[in-house]
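User: Can you walk me through this one? I'd like to go over a few spots.

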2 protein chains.
Amino acid sequence: MALKSFIDVGPASHFPIQNLPFGVFRPDGGSPARPGVAIGDQVLDLSAVASAGLFAGPALAGSDCFHQPNLNKFLALGRPAWREARATLQKILSSTEPVLRDNAELRKKSLFPMDKVEMVLPIAIGDYTDFFSSMHHAKNCGTMFRGPQNPIPQNWFHLPIAYHGRASSIVISGTNIFRPRGQGYPSGDSPPYFGPSLKLDFELEMAAVVGPGNELGKPVDVNNAADHIFGLVLMNDWSARDIQAWEYVPLGPFLGKSFGTTISPWIVTLEALEAFACEAPKQEPKPLPYLAEKVSNNYDISLEVQIKPAGQKDSCTVTKSNFKNLYWTVTQQVAHHTINGCNLRPGDILGTGTISGPEPESLGCLLELTWNGQKPLSLNGTPRKFLEDGDEVTITGLCKGDGYTVGFGTCSGKVVPAPQ
Amino acid sequence: MALKSFIDVGPASHFPIQNLPFGVFRPDGGSPARPGVAIGDQVLDLSAVASAGLFAGPALAGSDCFHQPNLNKFLALGRPAWREARATLQKILSSTEPVLRDNAELRKKSLFPMDKVEMVLPIAIGDYTDFFSSMHHAKNCGTMFRGPQNPIPQNWFHLPIAYHGRASSIVISGTNIFRPRGQGYPSGDSPPYFGPSLKLDFELEMAAVVGPGNELGKPVDVNNAADHIFGLVLMNDWSARDIQAWEYVPLGPFLGKSFGTTISPWIVTLEALEAFACEAPKQEPKPLPYLAEKVSNNYDISLEVQIKPAGQKDSCTVTKSNFKNLYWTVTQQVAHHTINGCNLRPGDILGTGTISGPEPESLGCLLELTWNGQKPLSLNGTPRKFLEDGDEVTITGLCKGDGYTVGFGTCSGKVVPAPQ
């Protein structure tokens, strides 16, 4: 019989007892932020569970990792602590276990309706790296910007290309995104364009959250890399295509990306995703030994992006993709990132890059979906080349299990005009 | 008469009472890190000065900013607090003021010989941005990598190009640098090169340390940008040219840089540098209004790089450059960085990029000095194309005043083999 919680969880809920994603929340505006897990439409306060002495295993007893305003300390403890926390939480939330179920006072102290709490960034993010791991995305961008002869650069098939993004402007789902101002390509002999971006885009991504880091100078072996990853979140790497196109040669994207990146509040653990592992794409040419994995896994995570224009009642689905479309795996990303001795730290995040699939309906950004604005989309009849002020973009991600769903909730943000 | 300290400071010392740079140190291995200023060959412990109640002005009285393991809290307080701290310190260190001079107990508690303390990173660095602001460097790199027809990309003259570097691997002067492993260009149909970098380089840079940040969505006006900069440090942005060349298209440098970046321990404040301000180069084409400054200043800071090969007794000067060679000013960098709404935070750093001058002896890295290894340097008779294991690279920077020197000390690191 499937594991079941004493808390009522509908079959469409993203947060059954099989999931138990970790986040950080405030029960109300004034109270301090603390870690929690999502269960159905409730949030379980882990500081309350810890104070009640219920984390009694060897890795967590006596730890103050759940009395922190972020998950970094818990992430640093590594997989034994994560497994112990998950086992404890699945036990105390299960329908057959009385310790929380039958303790009204503890339930009152530790369970909060999800729609009443404020979610905050779950981690203090030291460094944010963004990869470029979808071949379809690389091919489409290359075709648009560098021509169809040789759309994917030669290096792309040998290494998971990445760059460092901006950590300070990563925001939690629900935060408004200011339309950035900046420079765009000059036309003819004129000075460059300057003003609000005319080509504001979303990027459908996910990001891995780093657990224990590695010492400077000590690479992580690709076959141990999963132990350095706590879980995944949804991510929207908002992009201003006109700013990016003008600035990115030769040092890569900068202001075209750094004005805002949105992540979803709930980190779904690799343990919860294990049931949805699937084979990663075959890699040809064969990767170099430091990138060759004994087992090379992706995850089958259905992804969807909806846009709701200002004043419209309904959202419109603009793309459906899947995490398994990625060519380079998250574990290969970790191995590559550290092969030069670069140190990762708990709470760092590794974005996947835009997750585009092979079909026209599975492209992960408007740049691709509208072919750089040449073929506008229709949002319930409203044409859309790039994002307009008031557009609300929502990413959803979920894995369909047998009678249950392991979901990520949503990652959303609304575009607002640049302040004057 | 020039301001003078009761502490003996020779005319060649980098740290007279006119300088007073801020750092963070441990008096000995076991004790907690705390802020200090350099004075002659001594370090003044600011936590001891604060505990003695000597920071009594309106901005600092009651603040615990000097009882912290880094300067971030002090930096966040902004220029009024920085001015007050400097005025207080110049007063209590002056030859005419008895409060510290005649208090043997306080002197014993607060003054430590510089050669006995351990300097640590003075700031917790949230984000590290690296600019590309020397025209000579841009031109030389462009000529080598993209040919002499059009060495400087069109965008370079319109905006201070930059990318995000790795914050986690920034280390304090004196830390060994592991030679990175990684991929390099394949030759012919072979797989890419893999192994220890064959083209390890230094980059002579300086970096601005951000004081008060700005809110997400709110750009900093270029004419107020100096209020967001606390001071400058020396920086060596170690680079693996073979890794960089193969990986950097299309998203910019990544593993070719992220294995280590060294900064000097003492942050020299803009106040101390004021006496050495000089006119910035004329910019043609005229910058867009958001980059146009009422007063456009550089600083006259002489910079020098020495290499000491393993086993040799003497260092060899390989280049002499100057901060005033930069085309884009630090204040323009801040204005550009935030024009899209990107938020800076206290303790962020903004690297200048390699500071090359126009003369062949003023180039800021081996890539330029040896023209990508084609013209080896002679280090006291030893030929050198790129850095070898055991090479110790030391950057020095100083401003010559009338009878005194305002210096940065040194920024050094030794290359050691990648661990097996």
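Analyst: We'll take the chain pair, then a sheet, then one serine.

Analyst: This is a predicted model: local features need pLDDT of at least 70, side-chain atom pairs count only at pLDDT 80 or more, and totals for chains, interfaces and linings use all residues. Residues are numbered from 1 along each chain as its sequence is written, chains are lettered from A and ligands numbered from 1 in the order in which they are written, and side-chain values use heavy atoms, with hydrogens and water left out.

User: What rotation superposes chain A on chain B?

Analyst: A rotation of 180°, with 0.0 Å of shift along its axis; the RMSD is 0.0 Å. That is the relation of a two-fold axis. The superposition is by least squares on the C-alpha atoms of residues with pLDDT of at least 70 in both copies.

User: Which surface serves the copies?

Analyst: The same surface serves both: 100% of the contact residues of chain A recur in chain B. Contact means heavy atoms within 4.5 Å.

User: And which residue of chain A comes closest to the rotation axis?

Analyst: A:Gly252, with its C-alpha at 2.0 Å.

User: Switching to the sheet. What's the strand order in chain A?

Analyst: β9-β26-β25-β20-β21, an open sheet of 5 strands with mixed pairing. Strands are DSSP runs (E, at least two residues), numbered from the N terminus. Two strands pair if DSSP finds at least two bridges between them. The edge strands of chain A are β9 (177-178) and β21 (316-322), each pairing on one side only.

User: How does β20 of chain A pair with β25?

Analyst: Antiparallel, with 7 bridges between β20 (residues 302-308) and β25 (residues 392-400). β20(A) also pairs with β21(A) in the antiparallel sense, over 6 bridges.

User: What stands opposite A:Leu303?

Analyst: A:Gly397 in β25(A), and A:Ser321 in β21(A).

User: Which side chains of β20(A) are buried?

Analyst: A:Leu303, A:Val305 and A:Ile307, which point to one face. Buried means under 20% relative accessible area (1.4 Å probe, protein chains only).

User: New topic. Is B:Ser13 buried or exposed?

Analyst: Buried, at 18% relative accessible area. B:Ser13 sits in the segment before β1 (22-26) of chain B.

User: What does B:Ser13 touch?

Analyst: B:Gly40 and B:Thr405, not counting residues up to four places away in sequence. A polar atom of the B:Ser13 side chain also lies 3.0 Å from the backbone nitrogen of B:Phe15.

Notes: Helices (H or I, at least four residues) and strands (E, at least two) are DSSP runs, numbered from the N terminus. Buried means under 20% relative accessible area, exposed over 50%, partly exposed in between (1.4 Å probe, protein chains only). A polar contact is a pair of N or O atoms within 3.5 Å; within protein, one must be able to donate a hydrogen and the other to accept it, and residues adjacent in sequence count only if both atoms are side-chain atoms.
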